[in-house]
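Hello,

Here is the structure I promised to pass on to you. My notes on it follow below.

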There are 2 protein chains.
Amino acid sequence: MAKYEILVTYRTGIFDPAGETARRGLEQIGFTGVDKVSIGKFIQLDADATPDEVQVMCEKLLANPVIEDFAIKSVG
Amino acid sequence: MAKYEILVTYRTGIFDPAGETARRGLEQIGFTGVDKVSIGKFIQLDADATPDEVQVMCEKLLANPVIEDFAIKSVG
């Protein structure tokens with residue numbers, strides 16, 4: 001069983017509504033020095049799968065390649 | 001302006017509905033070797049803030065300490 005960690009982030013120029021909402025929330029509770037918050041996904045996968053298969057899983061289901069980038073790391 | 005990366009994950013024993021839904025979806029498209037999918041958050045923060053302040057941001061707003069763990073990394 002292999003372990004993978006996948007970071008999914010919005011592509012450059014794509015609006016991140018959750019991140020902007022978090023930034024405003026932080027401002028409202030006093031953290032006025034926050035310039036930007038980006039909220040992506042951190043996916044941990046336990047699978048009998050090769051890195052190439054995990055790449056396909058990301059392209060087909062775990063990420064949306066139209067608006068998101070992803071980076072796959074093999075961790076065991 | 002400092003940069004931080006924060007990984008937010010469900011605490012042990014907390015059910016992860018999005019992860020389980022992704023696992024079933026992968027199974028349905030043919031990836032039957034996936035044992036577990038956990039979906040957490042990957043937060044990138046640009047802020048004039050110390051690591052201690054970022055810790056408080058996580059405790060108060062960016063994570064839910066009742067059900068989530070978080071790890072803060074200073075990246076610049």
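A salt bridge here is a side-chain nitrogen of Lys or Arg within 4 Å of a carboxyl oxygen of Asp or Glu. This is a predicted model, in which local features need pLDDT of at least 70 and side-chain atom pairs count only at pLDDT 80 or more, while totals for chains, interfaces and linings use all residues. Residues are numbered from 1 along each chain as its sequence is written, chains are lettered from A and ligands numbered from 1 in the order written, and side-chain values use heavy atoms, without hydrogens and water.

By that rule there are 10 salt bridges over all chains. One of them joins Arg23(A) to Glu20(A) at 3.0 Å, N to O. Arg23(A) also forms a salt bridge with Glu27(A), with the closest N and O atoms 3.4 Å apart. Arg23(A) is buried, at 16% relative accessible area, whereas Glu27(A) is partly exposed at 40% (buried is under 20%, exposed over 50%, partly exposed in between, with a 1.4 Å probe and protein chains only). Glu20(A), Arg23(A), Arg24(A) and Glu27(A) are linked in a salt-bridge network.

Now to the two copies. A rotation of 180° with 0.0 Å of shift along its axis superposes chain B on chain A, RMSD 0.0 Å (least squares on C-alpha atoms of residues with pLDDT of at least 70 in both). The copies are thus related as by a two-fold rotation axis. In chain B, Lys41(B) comes closest to that axis, its C-alpha at 2.2 Å.

Best wishes
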